[in-house]
Amino acid sequence: MRPVLTIEDLSIALPAGADRPHAVSGMSMTIGEGEILCVVGESGSGKSMTANALMGLLPPGVTVAGGRAVFDGRDVLALPETQRRALRGRQIAMIFQEPMTALNPLMRIGEQISEVFAAHGMYGPTERERRTLALVTEVGLPDPAKIMRAYPFQLSGGQRQRAMIAMALALEPELLIADEPTTALDVTTQAQILDLILDLRRRRGMGVMFITHDFGVVAEIADKVIVMEKGIAVEQGSAAEVLDTPQHPYTSRLLDAIPTGRLPEARSLEPAPVLELKGLRKVYRTGGGLFRPPREVRAVDDVSLTIGRGEVLGLVGESGSGKSTLGRTVVRLVTPDAGQVLVGGTDLAALSEEELRKSRGKVQMVFQDPYASLNPRHRILRALTAGPVAMGRPRAAAEAKARELLEIVGLGPEAAERFPHEFSGGQRQRIGIARALAMEPELIVADEAVSALDVSIQAQVLDLLRDLRARLGLSILFITHDLRVAAQLCDRIAVMQTGRLVEMGAVHDIFLAPRDPYTRALLAAVPGADWAAENRMAGNAEGARP
Amino acid sequence: MAVIAPILGRLVKALVTLLAIAVLNFFLIHAAPGDPAVVLAGEAGAADEQMIAQLRERFGLDQPFHVQLGSYVWNIVRLDFGYSFRQGAPVLDLILDRLPATLILTLTAFCISLTLGIALGVAASARVGKASDSLLTTLALLFYATPLYWAALMAVLVFSVELGWLPGFGYETVGAGYTGLARIGDVIRHLILPASTLGLFFMAVYMRMTRASMLEVAQMDFVKTARAKGLSGPVIRRRHVLRNAILPVVTLAGLQAGQLVGGAVLTETVFAWPGIGRLMFESLAARDYNTILGVFLVSAAMVIAFNILTDLVYRLVDPRIGARA
Amino acid sequence: MIRRFASNKGAVIGVLILLAVIALAVSADLLFPRGPWAMVQRPFLVPFSTDGLPLGTDTLGRDVAAGLVHGARVSLLVGLVSTLVALMIGVPLGAVAGFYGGWADEGAMRFTEFFQTIPNFALAIVLVAILEPTLGSITLAIAIVSWPPVARLVRAEVMAVKRRDYVDAARLAGLSKFRILTGEVLPNTVSPIIVMASLMVATAILLESSLSFLGLGDPNAMSWGYMIGAARTVIRSAWWLSFFPGVAILLTVLALNLIGEGLSDALNPHLSRKGTA
Amino acid sequence: MKHLKATTFLIAAALAGQAMAQEAGGRLDIVVQPEPPGLMLGLVQNGPTQLVAGDIYEGLLRYTTELEPEPGLAESWEISEDGLTYTFHLHEGVTWHDGEPFTAEDVVFSADVFLRETHARLRASLAYVDTIEAVDDTTVVFTLKEPFGPFISVFEVGTMPMVPKHIYEGTDFATNEMNATPIGTGPFKFEAWEKGSFIHLVKNEDYYIDGLPYLDEVYYRVIPDAASRAVAFETGEVDVLPGGSVENWDVARLTEMDGVCSTGSGWEFFAPLAWMWLNNREGPTADVRFRQAIMYAMDREFVRDVVWNGFGKIPTGPVASVTNFYSADVPQYPHDPDKAKALLEEMGYDGQTVRLLPLPYGETWQRWAEAVRQNLSEVGINVEIDAADVAGWNEKTSQWDYDMAFTYLYQYGDPALGVSRNYTADRIQKGSPWNNVEGYENPELDAKWAAAATMTDAAERQAAYDEIQKEIVEDVPVAWLLELEFPTIYRCNVHDLVTTGIGINDGIRNAWIEQ
């Protein structure tokens, strides 16, 4: 296979004062024609920097410190800016993670695509128009003529990413660099975009450098894999080699940490419910004014469910399914329009503001974003004691309990005196859990509690939750978009779609015998599902199941 | 409908606001010591109780306060701004006499400052960190920190008195009898100094804002996309960065354009520009209630009009607005 | 954050200028114990022509240097106090509007819009004329026309901060709304408010001087604006009378702007994220 | 009793003394500040209106700079022996600007109907008038109830302007639409008024004196800022700066320019005298020793020399030195801080703060107040300047809400017209800033003022006023500051601008430009 790009000993220097001297050091690799190379790593591993260096899009202060990147017989790193510009978009194209922000909000889609032709002085206006239309059609956007006149905000996330791809393909580049192109997308959309990239690779025969943190995605599309850790390529090889027989301990650790969908042992539970939802409804009305009717979105549409004492219920759905609204309704951060939220017999939904404050302790929440869930101006101790003290517990007792909880979540009591910014994301999530526990709740709602974490950290937090569930008999409503994660922790799983509960059942039933077509679609869309299924079989073969 | 409905809504709100402004100002101005009768009598050099009483009666100031307020509001509702006590003419006529001068001055200053400010802001942002950028930003900061009236006085001193290039005050050459193009040329010559001193400050504001906004937008992902397409620097700045960066500048400018109309008192005073800012100031000293209130209402209406206009422009420039709201 | 501020050359210059101005203002009584109004020499003495009167004398033979130093007090005081008053109006209003939303928000914002619709400078003039020019009335008038942007800023910030998870966490902790607003939300909106306040002080000093220029200054307080207003009629024959206070205003306003920008850069997390991988 | 001989002047004779031949034609630009509220002189008599409308309207008489009456619309006049009958013979062939003839009926209407209603100052003098009758088309007779010494001084254009009967009779004077386009008999006709910018007058081709006026047109320019007015003069935009239209500091500078002339003349009729009202009713200022201390504490020469650039004269008492019946033989108050301190000590002044209300007429007055405050504080008086705009000043003085307040008033040539009104107890009336605002009460002096007004013999009156002045100065009811002098600045090629006691208010009639 003819190599499209050969990188030799690439080093990228960070500006003085950064956490390490080099973003990337001594990296080498080759991408062949029609080959998909996946660069895998956790955040800060230098994978995106590599891509930016190739495109000449490094942020100010970050420079290439050494090495070569031979493309089309030339070292692209050494080319003058005008020649690099001629290369960009024409021979090497790139797509990005956030399709919303990567498109100019004020320009029509068609304009943004045909601009690529203009940038390289190709074709006349009518020809550009024709080709743009063809591209829009090729990437599978519906109603191409209309899409061309649309603005980015009028498109869904997946459609935007397709438009980005159309842009990248405009001049039939030999190399496509895709920087986490599916990370911000829902799982079903992600599957479609991955299919599109595979399909285009097949038809166009271009090389693809695909940057991702998700081994599931790797399993889905990679021909070759490079694993990066802190700027160093620790392992590379064919996809099969790396996934099945990882050589480097870091790779193994990453692979181990992946929630593979290996199903845990089903537990027997007491039937006593801690939470009962009855006919819950929440409708959001947006807009509306003197002369306009408001628009209605049924975020939660007649949902009833029960969580037993000590049970972990997974609530799974894609973005917009209403799962977060449901979670926030349970803790009464959102007041439902109808229905009951019964916790220990009390209907939280019906309490007045004052009564509610007194009952706040019953249900607690762990939030998604570890950086936003702690007040940056308060010490950890204050974050952990404010609630209990407000509930009337003596301060000294609350503080002692807080230190004890910090110990339990694996941080040590001295963490109490520190400020949030001194902690990493995973540690903050542990603090968030400790804060929830400090209120001694009957139920914890964990809203995408591990979604923002790197995969290895995610595994640790999941371990902690599993451990707490066992030690404290916690009841948890675990909200996630990721079925694989849900399978790790949950006893039962509920699947939500556009506000409605479409299916609910034990983990095994959902995974092995899904009844609802939507559930089936979700399962099928999980990247690396086949590969994971093999693993699951392997795991089961080890005899975890009774 | 998508455009008209929100504007209709705003117009209704605007009318309520204007009425509230009329009432508030009515209270404020009547709270000031003295009244027009006292001032008019005072200017006459001699007067007695009889004269002041006559004046009060003529102006309706002998009525109880709530009756005065009521009749004023009722008149406003019927678009009757009343009669100027001091100038003996309908307030609306007085304002309409003066408004064009103010509009010419402020709009010219506004256009100069906006165009130059944006242009220089873009230029500075393109050279960020370089000497020319430092020079431009320092200059802008200096203009920004210079008291407006001071700059105006200096400009008159230098360009009118010392160099004799431009007329230092007034709206046109009085009694020259110019017509047509000659008259326009004459007004323009008179306009240069006041418009540029007034514009200088705002130019500094817009330049600083444009520069900051350009730099901020330049950080955004879609600019990276544009670079990845192989577009050249100037094209990216024009087509992608500027178009997005200009939105906040337009918003601010729209807010200020309205304020300018009522706020050009200083410039109008130094340059003897016969605008409504001065009319307001003079009427205030004379306690010419109806005129002050009239000017306030007209200026406030200008603010609202410019806000609505800005909104419209925004809707045209940014496709998201209409759809989102 | 302090390190980042200190590495900003402009901001450091601004701080130095401002400190110098404050030092002069504080030591005014030591430097010129006879006060700014004493008629010490012949009028219209040109600067640098007479020993002990480096900046010359004014129309009544008063020491311009004494006026400048004593004027620094008044100008700074008006700038600071009017900003504080504006904050005292704008912060609670914006906070309540942003935090409670609904009718509170609607009402507060209508109120704010209302004040933004009235032409600012004209309103200030009317207020000072009505209340008669004293330091108090000038300060109040400036505050009244400057609070609306504060309210808008605070509202926007509060609305942004109140969506943060830790605010939800505080609600779940059973804290009262008022405590959440004052303990969790407001402290996290302080940075942009500080930046805005530093710029407002500058604007207030300019506004005071503009009012003085129109003859609406406090005749018992020698401020820079008062000096320029008094000197503008002799600007042809005695340039220094308006020149020095003009420069003083310019430098102080410049310094405050430099500091404001420095603070803004130092407090802006957007920029602080730069430079790491 | 002195009989004033009937005097008749021929206009030609009045003009005969001119050294140069007058040239007709040309345009004059004159500053007017502030913009007048209206030009109908019968309704509005403030300074700017008098300046502009003095060219449009005319009075029966004009007054020389020595305050001698000379013909105006009245060609000649007689006063009866008993001082009760004033007969005026009007100029023949005078027409209003709209072509209607001017007759004695217009005089009767103006004085007896129109001005009685609208003109407060004249109304006080008309109180002495019994009847006003038109004997024929050109003869009018004023009959007084009792003799009134200064009556011959009330026929000046600003005091008794002639207004057209055919326009105003039977209408509401104040709202008559013709007020916007004033019709008079004067040498110039109203042409246009661009509000905020200028007032344009053009030559009255049908003026009843052949050859007058010389100028083709006059522009009164509105320039709100004093510094801008100075610049306007420098750049040649305007030709005449009437007194008081630029700040004093600019006067010296402008008059030093080439081809620029100035004159202090033209204010004799008004004789503006500045003083501080001292509230005689309450506070430290109620004590005569405190008031005297103020007089000693003030350095009035300094103010004259520094604030007024040497223009003006230190007054000795209530009567200005150019006004009739002035006397210098009064107690003197030189600048003597020690004496002031001694007086304060004697009265036991406790340091109570006194408020000082400056006149809100620009920087000169502000500086003046600051200088006075400094003078007073140097002898230990605590002074706080009260700030107020024109309306506030009027309100505070007329409501007696002040301790010390600046003012200046015109004297109109005679103590009975412009002086006694400020010192007699019957003129203590709230609501007006021109009467006895200080609240000075001295019944003995009141009687003397009253007697002096009705005397017809000049020497007798002089003796009476000498006595009054000597006594009142001892009491210091107000602090007399300065006899103001407002120099008129003009280009030297403008001639005969100031020929009367009211200066350019009616001087444009005779002015001409040397080409």
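Student: How many residues does the contact take from chain D and from chain B?
Tutor: This is a predicted model. In it, the contact takes 44 residues from chain B and 43 residues from chain D.

Student: Which elements of chain D supply at least two residues each to the side that touches chain B?
Tutor: There are helices and strands among them: helix 4 (120-126), helix 6 (226-234) and helix 12 (390-398), together with strand 10 (198-203) and strand 11 (217-222). Helix 12 of chain D gives the most, with 7 residues.

Student: And how do the residues on that side divide into nonpolar, polar and charged?
Tutor: On the side of chain D that touches chain B, 19 are nonpolar, 15 are polar and 9 are charged.

Student: Which pair of chains has the most contacts?
Tutor: Of the 5 pairs of chains that touch, chains B and D have the most contacts. Chain A and chain D, by contrast, do not touch, and their nearest C-alpha atoms are 43 Å apart.

Student: Back to helix 12 of chain D: which strands does it lie across?
Tutor: Helix 12 of chain D lies across strand 14 (273-278), strand 15 and strand 17 (404-409) of chain D, and runs at about 105 degrees to strand 17.

Student: What is the order of the strands in the open sheet of chain D?
Tutor: The order of its 5 strands is 16-15-17-14-18, with mixed pairing. Strand 16 (383-385) and strand 18 (478-483) of chain D each have a single partner strand, so one side of each is left without a neighbour in the sheet.

Student: In which sense do strand 15 and strand 16 of chain D pair?
Tutor: They pair in the parallel sense over 3 bridges, and D:Val354 stands opposite D:Val383 in strand 16 of chain D.

How values were computed:
Residues numbered from 1 in each chain as written. Chains lettered and ligands numbered in written order. Predicted model: local features only at pLDDT ≥ 70, side-chain atom pairs only at ≥ 80, totals over all residues. Contact = placed C-beta atoms within 7 Å. Helix = DSSP H or I, 4+ residues; strand = E, 2+ residues; numbered from the N terminus. Nonpolar A, V, L, I, M, F, W, Y, C, P; charged D, E, K, R; others polar. Pairing = 2+ DSSP bridges. Axes fitted to C-alpha atoms, helices over the stretch in contact; angles between N-to-C directions.
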